[in-house]
Amino acid sequence: MSNYPSHFSSDLLLTILSQAKTATAIHSTDDMIIETANDAMIAVWGKDKSVIGKPIEEALPELKGQPFLGLLQSVLHTGQTIAGTDTMAELMVDGELKPFYFDFEYRAIKNDAGEVICVLHTATDVTARYLSRRREIELESELQAANEELAATNEELAAANEELAAANEEMSSSNEELASTLEELTVTNEELAESQEILQTLNYNLAESEARFRAVVTQAPVGVCIIRAHDLMIQDVNDAYLKVVGKERAAMHNRTIWQAVPEAAAAYAPIMNKVINTGVSFSATEHELQLVRNGVIQSVFVNFVYEPVRFDDNSVKAIMVVAVDVTEQVEARRQIEAAEEMLRLAIDSANMGTWMVDLATDKLTISEQAEKIHGVAHGAAMTFTAALNLIAPEHVEKVGNAIEQAIKTKNSFETEYIINPLDGSKPRWLKATGKAYYDDQDKPVSVSGTMIDITESKAYDQQKDDFISIASHELKTPVTSLKAALQLLDRMKANPSPQVLPKLIEQSNRSMDKISTLIEDLLNLSRMNEGQLKLDKTKFTIADMLNQCCNHVRVAGKHELILQGDEQLEVMADEHRVDQVIVNMVNNAVKYAPNSKQIFFNVEKIDNMARISVRDTGPGIAPDKLAHLFERYYRTDASGYQNSGLGLGLYISAEIIRKHGGEIGVDSELGKGSTFWFTLPL
C-alpha cells in the first residue's frame, strides 16, 4: 500500500466533508489522525476543535480498549466499508465516562489510483432511540408478567367457585326447601362472578390504558408535566420536562408546580388558572423565560401548551403541560437575522446594489440601490433581457460571456461595463459580481450578485493617469534644464567663463527650486492621503508672519506686497503650514496675474475667527472655474497665460485650513482681479 498523505488540501477536505449529512470526521494513517471534524462530530465526542490534528486515541483516550481504532485501521488497510447500528461507545463527557449508542459508518476514501488515502467517519447518536426501545421491551415484559399473575388469580377464583357449587349441591340433597334457596343463591353467585369478571376486565383495561399513557409521557421527545387541577400538585413529569426547567426529579416530587418552578409563577400562574376555569387550552411560541436551571438563572425560549384534561362530567381534572426548549433555534435564527442585517447595512453603506435573475422566467429582481443605478422607477418590473439592453454595445458580449462561464464552471464572476441608464442620465461604469445557483438535479436555476457604481472611481483613475503624465512632464522640464546646465558647467570646469558661469548657476538654482516645489507638493499629498499631515500649533502674530514670508517675490522686485488690516491680531495655529498657504496664494497671483504690480494682504477679525486674504488686480477667473480651483490635480489658465504645475497647491492649502477648523475660498471678477481668502479660529 502506498504511503498515506501527511496533510490534505483544503479543497479535498471540503469535498470529503460535503459528502457527510450527519456528524462527520476524516482520519488518516494507522494512528487515525483526526484531519478534520465538523461541529456535529465535535459535539458527539463532547470535545472542542483542539482534537483536530491528534490521533483519535490521544484526542479521545477513553476509546482505548474499545474496538473502534481497530475497525478504522481495518477500513484503511482493506478499503472495505464497516457500518454498525446501535453500537455502544463509552465517551468522556463533562468529566464523566458515559455509554452512548451510535449508528456509524467507516468508509474508505480512495484517490484516482484506487489507493485508500483516508477514512470518512460518519455517526448518528441514537442513544435516545436505543434506550426507548429497551424500555419498551422492559414494559412489555412487565405487562406479560402482570397478565400471568392476573390469569393465575382468575384460575384460583374459578376453583373457589367450583368448590362453592359442590357445597351447594351437597346441601340441596339434604334439604329440598334449602335447595330452592340454594338455586337462587347459585344464580346470584353466577351473576356476581360475571360482575367480577367484568370488573376485572375493566380494571385490566384501565391499568393497560394508564400504563400506555405513562409510557407515552415518559418516552415523549418533548417535555410533558401532568398537574392536578384543584391543587396544582404535580402528578407525573418526564425527563424531557426536567431538562427544560433544569430541575432534578426530587425537586418536582410531591410539590405544586409553582413550588417547583417559582420563578415562572408571576407570569404563568394566571394563565394556567384561566385554562382550568375556562377549559380553553393556551399555547405560546418562543416565549422568553428566566429559569433557575441547575442553580443558575438562564434566559431560555420555550414553545409550550397548557392543555386541559377532562373527565366524563366534562370538568377539568388536570392540566397537561407540553414544553419544548427552542433556545438554540431562536438564537441561531437571531444570529442569521443579525448577519443578514449586517450584510444589508454593509451593502447599503457601500452604495451597492443586489440583483437576482430567474433563468427560467428571465425575471430580474433588483434592490432599491440597483434601481437607482439603472434609472428604473422603484418597484417597476424588469427582465434580464431588458437590463442587458441598457449595457453599452461594446460591453454586452463581455458581460454575457462572464455570466455564461459562471454557469458552466460554477465559479463566481466579476466584470466591469458601461450602462446607459433608463432615465436618460449620463452613462455609468458598473462593477458587477455574481454566481450561479443550482437545483437538486444540478440544473442552473438562478444567478445573483452585487453591483456598484464605479463611475467616480474610473474618473479618478483617469485623473491619476493624467496627473502622472503631468507630473512626469513637469519634472522632466526642470530636470532637463538642470542637466543641461550641469553638462555645460562640467565642460567649462577647467576654464570657467565669468559671463556664462553665473547664468548657469542661476538656471540650476531655478530648476532645483522648481523640482523642490514639485516634490514638496507630492510629499504633502502623500501625507494627507495617509493621515500624517500633523499640525504643530503655536501662538503668533499674523502680520509678522506675512512680513517675513514670500521673500523670493520681494527679492525679484517685480511685485510689491502690501499689508493692510489688523497688524496685532494673533492666532494659535501651525505657522509653517499657514505660511505655506500664503506662499501658494502669492505664487498663484504672480503666476496668473503677472501684470498686477501690487499684491495686497489683508488681516481682519470676524467674530471668533481671523480672516486672511491675498488680492491681486489681474485678469480674474471665469465663474465656471471657481468651483474647481480647490480640487486635486485641477489646473487652469487665466487670460491666455499658460503655466506649469501639478494642480495640487490649492488642494493642499484647503486641506491645511480644514485641518485647522477654518474655511477657504475665492472671490473673483473678470478684468478686476481675484481675492483668495481663508479663516482660522482664534
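Residues are numbered from 1 along each chain as its sequence is written, and side-chain values use heavy atoms, with hydrogens and water left out. Because the model is predicted, local features need pLDDT of at least 70 and side-chain atom pairs count only at pLDDT 80 or more, while totals for chains, interfaces and linings use all residues.

The structure holds 24 salt bridges, a salt bridge being a side-chain nitrogen of Lys or Arg within 4 Å of a carboxyl oxygen of Asp or Glu. One of them pairs Lys49 with Asp39, with the closest N and O atoms 3.0 Å apart. This pair links distant parts of the chain, 10 residues apart: Asp39 is in helix 2 (39-45), and Lys49 is in the loop between helix 2 and helix 3 (56-59). Helices (H or I, at least four residues) and strands (E, at least two) are DSSP runs, numbered from the N terminus. Asp39 counts as exposed, at 55% relative accessibility, and Lys49 counts as partly exposed at 45%. Buried means under 20% relative accessible area, exposed over 50%, and partly exposed in between (1.4 Å probe, protein chains only).

Asp103 and Arg129 also form a salt bridge, with a closest N and O distance of 3.0 Å. Asp103 lies in strand 4 (residues 96-110) and Arg129 in helix 5 (residues 127-174), so the pair ties together parts 26 residues apart in sequence. Arg129 is partly exposed, with a relative accessible area of 34%. In a further salt bridge, the side chains of Lys247 and Glu263 meet at 3.1 Å, N to O. Lys247 lies in the loop between helix 7 (239-245) and helix 8 (249-252), and Glu263 in the loop between helix 9 (257-260) and helix 10 (265-278), so this pair ties together parts 16 residues apart in sequence. Lys247 is buried, at 15%, whereas Glu263 is partly exposed, at 27%.

The structure holds zero disulfides; a disulfide is a pair of cysteine sulfur atoms within 2.5 Å. For Cys550, the closest cysteine sulfur is that of Cys549, 3.4 Å away and therefore too far for a bond. Cys550 is buried, with a relative accessible area of 3%.

Five strands form an open antiparallel sheet in the order 7-6-10-9-8; two strands pair if DSSP finds at least two bridges between them. Strand 7 (234-237) and strand 8 (282-293) stand at the edges with a single partner strand each, so one side of each has no neighbour in the sheet. Three bridges join strand 7 to strand 6 (residues 223-228), and the two run antiparallel. The bridge partner of Cys225 in strand 7 is Val237.

The largest nonpolar core has 40 residues, and Ile542, Ile582, Val586, Phe601 and Phe678 have the most contacts inside it. Helix 19 (residues 575-592) gives the most to this core, with seven residues. A nonpolar core is a set of buried Ala, Val, Leu, Ile, Met, Phe, Trp, Tyr and Cys residues joined through side-chain atoms within 4.5 Å. Leaving aside neighbours within four places in sequence, Ile542 is in contact (heavy atoms within 4.5 Å) with Leu569, Val571, Val603, Ala610 and Ile612. A second, separate core of 33 residues includes Ile227, Leu291, Val321 and Ala323.
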